[in-house]
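Please look at the sequence and the structure before reading on.

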Amino acid sequence: MKLSILIPVYQENCIKLVSDLVNQTKRLSIDSEILVFDDCSPIKCEDNRTLSDFERVTYRELEQNIGRSKIRNLLADTASGDVLIFLDGDSGIVREDFIQKYIDTIQTADVVRGGTTYCDKTQVKAGCELHWKYGSKVETNSSAKDPYRFTTNNFCIRKSVFSSLRFNEQMKGYGHEDTLFGIELKERGFSLINIDNPVEHLGLKTFACFMQSTANAIKNLLKLSSEKQYADFIGQLKLVKAYNKLHTYKMDKIYAAFFRISKPAMLNLLAKHNPSLFVLDLYKLGLYCNCHKL
């Protein structure tokens, strides 16, 4: 078995991440490689350019930005391993046996997802409270709710399986390319196991960036909901269920109008030190209703 660790980077310093991974692969004495591709970051991290000096590490800077889905496909196409580990560039390794756990588990499954952890609340920078709270309350618990609610920041997959699926390159920007990947996994009957093998999400977004990502994710979700082959799965999502209920009672346009009036107040509440995830749900529902209206 050869292992390829694939890391897409966009304005992140991943020296510590790669160093930790290199040390673990050396201790295990396994055939491995680490590929780090920078997706044309507008401001390059000079430290990352030293990654080419690391043993069995390839660092490459793309000449144009190709997006979250396409760069992951490119990394997989370039990889020579038959087992792939995908990690985001803003990940932190928290377990000394991180790679070993994946190697052990991938023998009995097609895909293994390790999960995500977040820092203690006292370490959160001002302005990043909403992303931290959402991640801590929603993303770290997702594996217990739905094994096929997929996240791309930390998973291991057989290359043969990935090559038959790939990420949909029509999904632009942030949001729900992982949802679609999870749907395809489920529909094709591939086995997926969730294990306790998290990485720490270090790249908390500021309030403005998080809200921009949220808006883009809503647009991508709307694209998915319009595809008949995904209707059953998408219809199970909490946001889509709420919209469908409003639409059934012809309340969606009324809620869209209410949202346009109350949007500033919602944003003000979400920017607070201790934001409400309920208000975030209301905000996302308003965006979704307005997207349908358009």
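The paragraphs below treat a cavity, a pocket and one phenylalanine in turn.

The model is predicted, with local features needing pLDDT of at least 70 and side-chain atom pairs counting only at pLDDT 80 or more, whereas totals for chains, interfaces and linings use all residues. Residues are numbered from 1 along each chain as its sequence is written, and side-chain values use heavy atoms, with hydrogens and water left out.

On a 1 Å grid over the protein atoms alone, a cavity is a set of points where a 1.4 Å probe fits but cannot get out, while a pocket is an open set with protein on both sides within 12 Å along at least five of seven lines; lining residues have an atom within 4 Å of a point. The count comes to 1 cavity of 30 Å³ or more. The lining of the largest cavity includes Val22, Thr25, Glu55 and Arg56, and helix H1 (15-28) and strand S2 (32-38) are the elements that give two or more residues to this lining.

| Space | Volume | Lining by class |
|---|---|---|
| Largest cavity | about 40 Å³ | 2 nonpolar, 2 polar, 4 charged residues |
| Second largest pocket | about 190 Å³ | 5 nonpolar, 2 polar, 2 charged residues |

Among the residues that line the second largest pocket are Cys119, Cys128, His201 and Leu204.

Phenylalanine 181, found in helix H7 (residues 177-187), is buried (under 20% relative accessible area), with a relative accessible area of 2%. Not counting residues up to four places away in sequence, phenylalanine 181 touches Phe150, Phe155, Ile157, Phe162, Leu165, Arg166 and Phe167, where contact means heavy atoms within 4.5 Å.

Conventions: Grid points are joined across faces, edges and corners, and a volume is the space filled by probe spheres set on the points. Helices (H or I, at least four residues) and strands (E, at least two) are DSSP runs, numbered from the N terminus. Ala, Val, Leu, Ile, Met, Phe, Trp, Tyr, Cys and Pro count as nonpolar, Asp, Glu, Lys and Arg as charged, and the others, Gly among them, as polar. Buried means under 20% relative accessible area, exposed over 50%, partly exposed in between (1.4 Å probe, protein chains only).
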